[in-house]
Structure formats: structure tokens, C-alpha cells
Amino acid sequence: MDITVIIPLVFAAVFLLILALMLGRIIYLVKKNENVTAEDLGEKLNPYLYATAIVSVLMAICMIIATVLK
């Protein structure tokens, strides 16, 4: 395999791993706080939702850069 193929694959794998871990953490928090109001749960989940959005944007940017440089 060429290095121009391996680097995007590694980036994609790392970003998907981060997203999977954040999704697992979100599911854990939702199950743990079943009897909490939606407002309180939202305050606990906001950092994870923001991080998920940031990682998604970074993944898209890296894939665009990898495609352009290819």
C-alpha cells in the first residue's frame, strides 16, 4: 500500500474510534441519569455533543485534504 492511502485510513480509524467512544459515553450518561430532567441531562451531554461535532468536522477536513493532496 502507498503512504497516501495509509495516512487517510489511519486518520479515519482514529476519528471513528473517538466518535465511537463518545457515543458510548453519551449512551452511558443517558442510561445512568434516567430520572433526571431533560435540561439537566442536556447540560451533562453538551460537551460530548460539541466534541462529536468538532471531530466530525476535523474528519471531513482531513479527508478533503487527503483527497486534494492525492
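Student: Which residue has a side chain joined to that of Asp40 by a polar contact of 3.1 Å?
Tutor: The model is predicted, so local features need pLDDT of at least 70 and side-chain atom pairs pLDDT 80 or more, while totals for chains, interfaces and linings use all residues. Residues are numbered from 1 along each chain as its sequence is written, and side-chain values use heavy atoms, without hydrogens or water. A polar contact is a pair of N or O atoms within 3.5 Å, one able to donate a hydrogen and the other to accept it; residues adjacent in sequence count only if both are side-chain atoms. The partner of Asp40 at 3.1 Å is Thr37.

Student: Why does Asp40 count as partly exposed?
Tutor: Asp40 lies in helix H2, residues 38-69 (helices are DSSP runs of H or I, at least four residues). Buried means under 20% relative accessible area, exposed over 50%, and partly exposed in between (1.4 Å probe, protein chains only). Asp40 is partly exposed because its relative accessible area is 36%.

Student: How far apart are the C-alpha atoms of Asp40 and Met63?
Tutor: Asp40 and Met63 are 23 residues apart along the chain. Their C-alpha atoms are separated by 36 Å.

Student: How far apart are the end C-alpha atoms of H1, and what span should its 30 residues have?
Tutor: The expected span is 1.5 Å times one less than the number of residues, so the 30 residues of H1 should span 44 Å. This agrees with the distance between the end C-alpha atoms, 43 Å.

Technical notes:
Helix = DSSP H or I, 4+ residues; strand = E, 2+ residues; numbered from the N terminus.
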